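Colleague: I am new to this structure and would like to learn how to read its features. Could you walk me through a few of them?

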Amino acid sequence: MNNFNSFIDKIQKINTIEEAQNILFEVSSHFNQTKIKEALEFAKLAHKGQYRKSGEEYVIHPILVACITSFFSDNEDMILAALLHDVVEDTEYEFKDIFLKFGPSVAHLVEGLTKITDIREHSLLPSDKIDEKLAKSALTFRNMLISSIKDIRVLVIKLCDRLHNMLTLQALRIEKQKRIAEETILVYAPIAHRLGISTLKKHLEDLSFMYLLPSEYEKIDKYIKTHKEDLTLRLNNFISKIEVLLAKYGLKDFEIKGRIKHYYSIYLKMQRKGISIEEVLDLLAVRIITKEKLECYEAFGAIHLNFRPLISRFKDYIAIPKENGYQTLHTSVFDETNVIEVQIRTFDMHKNAEYGIAAHWKYKLDSASPNTDWLNNLTFENEKIEDFYELAKNDLFREDIIVYSPKFDTFTLPLGATALDFAYAVHSEVGNKAKEAYVNKEKVSLLATLKNGDIVRIVTDNKEIPRCSWIDALKTSKAKLNAKQLCNHRIKEVENDIALNLLKTIFDLDVIKIKALLKANYLCSKIYKIVEDKNFLVDVVNKISKTIKERDKFKYLFKSYKLKEYVFDSIKVLSNKSINDIEFSFCCHPKRGDEIVGFLENKKVTIHHKLCSTATDLIKARENMVYIEWIEENSISKYLIVVNLQNKKGELAKFVNELAKLDVSILSIELGVKSDFCKLEVEIDEKKLEKISQKLKQTYHIIEFTSIKDAYNGKVK
């Protein structure tokens, strides 16, 4: 059974154990039938009396997952593990039962699959602190990757399991359908993409798309079905021309496959370009499959010599394969009024593109193998789960570019990657010490965006250079993570030095004596906290002053170290010295919200950004410093909202409920006697104003949205 689409159509129609068994025996006929039957009977016994939401006997699910898995692997243990993958999680049986009955290899795979599912038992933070859906996806994602580092086969079985779950999703509640579909498109489809298994990736994407955006899916589906005859005629006409053309140029052993692009890829193109499906030019694609690599280039030459190409669309992934092992020549050409994408690859490359890493288990291929080093390179420790997820999924599913080092080593980076991303791709030390970048021998900023084919050279300094404000501009997880770690490490070092300088200034003692006093009070490891926490600073000052007075009562008996609070516009200063004024430095232009430090000289405090190079020099020189912080602004303001509500029951309650969700406090409500207008006086956090305004205008007819402070000039646009 070679066609995966027809195979999945057949799987989707099966709803009895007998039908499921028949297809299992058909696809596993070349395996040890005794073992297959033994695992089948064990699964049936374990799941006896269990039913899915659809009403079908539960065991049908693992049987069909085993069938799908067989399409991607000739590994017997994978088929047995697929049959048994839910036994430990959902029945009374344990790992030792699987181990004793089917051996360590099958038990190991089942254990890996069960660990992935165990994330459902993890307790999550309250939803007001992190996004609960994101946390669930992140936990799934991380557990999948951790299990896969030990054995990549676990990942392939899990992808097959998820595909069957998506095929039977209609039996669940709508909200659960959406949650599972969202997790599938965010977690499972990107991993299938990275493993090069395009057949799984496309099915997972299209099924998720159908549940997440049903109206958009229906529009595309309706258009394709309505125009299918015309699209098929155009496709067949182009294929006929290509067949004649390639034969004319002497090519013999080749196949041409035509297709209409899958729905989710069409939707993404519509979104990227802001167009309707009627405006999408290249709905059609053909694949030319040849016997030899050289014939790919011969076919490519024949097509470009006879059809007008879109040069910007040409990509050679045969010479430079993608990291997931994908190898194909891509081009797009005009055929009369049509634009048709043409992909050219060998038969081995085709198997590799369809089945990815699984193809290398089934066939001895003359093609690139997917690079799975990314699994080992991902950092799992010391990162918040949602941060890890955001970083890692960015690397998983991305449009790539290829760039080179001066020695022509190849580096695959995401589209939009910077020279600094490249530096970190070479080595974390190169990224941390990067000073200058040269692209194609021209000096550029380290944040310059790279293009496909660029040759990049990085000049390094002899010391690490933290660039904390650049982290958001970086594109790769490796660059973001290393830059963040360097900043955190440097900030802690700086804060330790600032803390010592603050105490040195308060007590008029040198740093060596301050360190001794801190050690005596067991405060050395926590001292950096006084830079951000004035209460902790006061506590530390009290402890040290007590120690000083105990050591020399006569010298310090009447000396006061009590800290006084000074307020200057937006800055609050805490010190036991006299302070008359403050000023902001011109070297780093600190602005509200920045992390800042203050240096004391002649009763005046000069304010710098915490990581300013001038400030760093002053801190190291042990200049006098004082505790400073921004004074929090009251960002709550009063606004007048006039909204036109429909004259029907529950509309006002619905609007008030919407305001509550947006954290808007209602002070008064006035309903129009003869109109549908409703006037509300509310309190809104200025920081959330734009978001609240946009959200309300999407759903309601807002007549007026005005600041009560300024009824004429404060209108919200």
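Modeller: Gladly! Let us begin with a term: contact means heavy atoms within 4.5 Å. Keep in mind that this is a predicted model. Here, helix α21 (residues 419-426) lies across β9 and β11, and the helix runs at about 75° to β11.

Colleague: What is the order of the strands in the open sheet of 3 strands?

Modeller: Two strands pair if DSSP finds at least two bridges between them. In this case the order is β10-β9-β11, with antiparallel pairing. The edge strands, β10 (442-444) and β11 (456-460), each pair on one side only. On average, neighbouring strands of this sheet are turned by 35° against each other, direction ignored. Strand β9 (residues 434-439) joins β10 over 3 bridges, and Val439 stands opposite Glu442 in β10.

Colleague: Which residues of helix α15 are buried?

Modeller: An α-helix has 3.6 residues a turn, so residues three or four places apart point the same way. In α15 (residues 263-273), the buried residues are Tyr263, Tyr264, Ile266, Tyr267, Lys269 and Met270. Their cover includes α11 (174-194), α12 (198-212) and α13 (214-226). Just after α15, Gly274 takes a positive phi of about 65°.

Colleague: Thanks! And why is Ile666 called partly exposed?

Modeller: Partly exposed lies between buried, under 20% relative accessible area, and exposed, over 50%. Ile666 has a relative accessible area of 31%, so it is partly exposed. This residue sits in strand β19 (residues 665-671). Together with Ile669 and Leu671, Ile666 makes a nonpolar surface patch of about 240 Å².

Definitions and conventions: Residues are numbered from 1 along each chain as its sequence is written. This is a predicted model: local features need pLDDT of at least 70, side-chain atom pairs count only at pLDDT 80 or more; totals for chains, interfaces and linings use all residues. Side-chain values use heavy atoms; hydrogens and water are left out. Patches are made of residues with over 30% relative accessible area and no salt bridge: like charges are joined within 9 Å, nonpolar side chains (Val, Leu, Ile, Met, Phe, Trp, Tyr) within 5 Å. Accessible areas come from the Shrake-Rupley method with a 1.4 Å probe; for residues, only the protein chains shown count as cover. A salt bridge is a side-chain nitrogen of Lys or Arg within 4 Å of a carboxyl oxygen of Asp or Glu. Helices (H or I, at least four residues) and strands (E, at least two) are DSSP runs, numbered from the N terminus. Buried means under 20% relative accessible area, exposed over 50%, partly exposed in between (1.4 Å probe, protein chains only). Axes are lines fitted to C-alpha atoms, for helices over the stretch in contact, and angles run from 0 to 180 degrees between N-to-C directions.
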